[in-house]
Amino acid sequence: MALKEDPSSELMGRLVDSVKEISGLPECKNVFKKTHGDLVRRIKLLSPLFEELKDNNEEMSEEETKGFELLRTVLGSAKELLKSVVEGSKVYQTLQRDDIADNFNQITEKIEAALGEIPYDKLNLSEEVQEQIELVHAQFRRAKERPELHDHQLEVDLAIALREKDPDRAILKRLSEKLHLQTIDDLKKESLAFHELVITGVGDPGDRFEKLSSLFKKLKDYVQMENPEIDSSEAEKGMIKHRSPVIPDDFRCPISLELMKDPVIVSTGQTYERSCIQKWLDAGHKTCPKTQQTLLHTALTPNYVLKSLIALWCESNGVELPKQSGACRSKKVGSSVSDCDRAAITTLLDKLANGSLEQQRSAAGELRLLAKRNADNRVCIAEAGAIPLLVELLSSTDPRTQEHAVTALLNLSINDINKGTIVNAGAISDIVDVLKNGSMEARENAAATLFSLSVVDENKVAIGAAGAIPALIKLLCDGTPRGKKDAATAIFNLSIYQGNKARAVKAGIVPPLMSLLKDAGGGMVDEALAILAILAGHQEGKVAIGQVDPIPVLIEVIRTGSQRNRENAVAILWSLCTGDSQLLMLAKQFGAEESLKELSESGTDRAKRKAGNILELLQRVDTVVNQS
C-alpha cells in the first residue's frame, strides 16, 4: 500500500510544480525582457530548496510552513503576471510600463517577505542548498531595494513617436527593436493581442486607445517597409498545403467551430460567423451563445480586424480564402459596412432625430456602445450623420440621455477626422456646459472628450476660450478618482498652449494641485507634479506656485519619489529658485543639497541637468555669503 503524503510534502510538491510551470513559460520579447528574465531566473533558483524538503518527507510545524504557504500564493501571482507580459500587446504594455513595473516590484517584495518568514535553522537542509537560498534571498532583497531604472532613451523615443505624425526612422528602428516588433510574424501576433485587448476591454484601454493604435500603425508601417513579405516559391506553397495547419481558436466560430468567413461582433463583444449567429437570433434567442449575457441590441458589426488577420493566416499557410455567400453580405458600392448594419445605424439615427425621450436615450446608448467597439463603426456612424444629432442631445434635460450623448462623442472622437466634425458641429461650448452642470459620469466623460479634442492644437485655444478650465479645476477638486484623472489629463494637455497656462493660474489651479501633491495616498501625485511642471515655466504660474509653500514637499519628492516624479519636482524647483535667492536659501535649509547630489548621479538626463543647475546656484549663494 502506498504511503500517504503528509501536508508538508504535498505543499513542497506544489511549489516544485509552480517553479516548473514558471520555468516553462515562453521567453519574453518586449520592453520587460530583462525584468521578466531576472524574476524567472531567481524563482528557478528556489527549486532545490523545495525539492530537498519534499524528498526529506519530514512533517513541518505551522510556523515552519507559514513562509512556504505565502510563497505558494505569490508564485501563483507571479506566474499570471509573467504569462500576461509574454502574451499581451507589446505596444499596450510599453505605454503602461510604469504600472507593470510596479506589479513586478510588488511580486519581488512579496517573495522576499515570504522568504524572510522561513525558519531555515529549523529545517533539515544541506549546506549547499542553505548557501544557495541565502544567495537567492539576498538577490530578491537587492532587487526590492533597487527597482529597475527607467529606460530614458525609450521614454524620449516614445514621446516623439506619439507626438510627431512622421517620426524619424531611427526612432522607429529603436522602438521596433526594443519592443521586438521586427518581422511580419511579430506584427500578426501583436495585431491579435491588440485586437483582443480592445474587444475584451482587458486593462481598460479607454482614452489610451488613440495612442495605442497610432503607435502600432507607425511601427507596422515601418516594419513592413523594412521587411517586405517575400513570396514563397510554388514548391514551398505546395508543401504548406499538405501540412493541414491547425486553425487558431480565435479564428473559429464559437458556434460552428469552423474557420470564419464573415466574422461579426455582437453587443457583448464576442465574435461569430455571421450566418451562424443570424440563425441563432432568427430562432428567437436574446442572449450571447458564449457568455449567456442578454444582448443589448441585435446589430451585427463586421470584425474587419479579425477578417484581415484570417486572410493573412490563410495566405501564409496556403489555405484557400473562405468565400462569402448570403444576401446579408451584399455591400453598397464604396461602403465599408453591409446593408443590414447601415440600416441598423440609420434606424438609430431616426430615433435620435424624431423619437420619444426614451427612444432617444436608448438610441444614444446603442451608438455609444457601437462607437466604442471598433474603428470601422466610428467611421460609419459619423458618415451616417450622427454627430450633429448627438451634439443636440448634449442639452437634453434627461441626465442619462446626456451621458450617452457625450460618451458617444468621446468614443467617436478617437477618429481624427471625427474630431474636426465634432468641433465644426459647435460641440465645444455644449460639452463645456455638460462639464459644468451634468451628472458626475457626464462631467467625467465631458472632460475626457475635451482632452481627446485638445490633441489638435487649434482646439486647445477654442476649448480654453469656451471656459473649460475653471470647470475642469472644479472636477479636479470634487470628482471621483476617475473624474480627477480625466480632469488632470485635460488640463495638462490644454496647458501646453501658453494662453491656457494663464487661464489655469487665474482660475486658482495651484492650491488644489498642491493639496493633491501633499496627499500621497490620493493617487494624484503624478498628475499634480506634471501640471505644476508645465505651469512653472510661465511667470504667473511660477509666482503662484511660490506662494503655496512648495519647497518642503518638492524636496521630499526629489528624495523619495519615482524617477519621473523626481524629474518633474526638480524642474519645478529649478524654475522657482532661478532668480529667487530667498527660495534658494529655503531649499538649502530643508536639506536640498544631499538629495540633489544623489539625483545628479542617479536621475534621468533631464533631472541630472536640473539638479546640477540648482547645486551651482547654491554654491554661488554660499560664495556670496562667505565673502560678505
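This is a predicted model: local features need pLDDT of at least 70, side-chain atom pairs count only at pLDDT 80 or more; totals for chains, interfaces and linings use all residues.

Let's start with the packing. Helix 2 (residues 33–44) and helix 6 (residues 97–116) have axes 11 Å apart and meet at an angle of about 15 degrees. Angles under 35 degrees count as roughly parallel, and helix 2 and helix 6 are therefore roughly parallel to each other. Their crossing is left-handed. On the helix 2 side, the contact is made by T35, H36, L39 and I43, while helix 6 brings F104, I107, T108 and I111. Sorted by class, that contact has five nonpolar and three polar residues, with no charged ones.

Now for the loops. Most residues other than glycine have a negative phi. H180, which is not a glycine, has a positive phi of about 60 degrees; you will find H180 in the loop between helix 9 (169–178) and helix 10 (184–200). D549 is not a glycine either, and its phi is positive at about 55 degrees. The loop that holds D549 runs between helix 29 (539–546) and helix 30 (551–560). With 46% relative accessibility, D549 counts as partly exposed.

One last item, on cysteines: a search of the whole structure finds zero disulfides. C288 counts as buried at 0% relative accessibility, and C577 is buried with a relative accessible area of 1%.

Technical notes:
Residues are numbered from 1 along each chain as its sequence is written. Side-chain values use heavy atoms; hydrogens and water are left out. Helices (H or I, at least four residues) and strands (E, at least two) are DSSP runs, numbered from the N terminus. Buried means under 20% relative accessible area, exposed over 50%, partly exposed in between (1.4 Å probe, protein chains only). A disulfide is a pair of cysteine sulfur atoms within 2.5 Å. Axes are lines fitted to C-alpha atoms, for helices over the stretch in contact, and angles run from 0 to 180 degrees between N-to-C directions. Angles under 35 degrees count as roughly parallel, over 145 as roughly antiparallel, 65 to 115 as roughly perpendicular and the rest as oblique. A crossing is left-handed if the near helix is turned anticlockwise from the far one by less than a right angle, and right-handed if clockwise. Contact means heavy atoms within 4.5 Å. Ala, Val, Leu, Ile, Met, Phe, Trp, Tyr, Cys and Pro count as nonpolar, Asp, Glu, Lys and Arg as charged, and the others, Gly among them, as polar.
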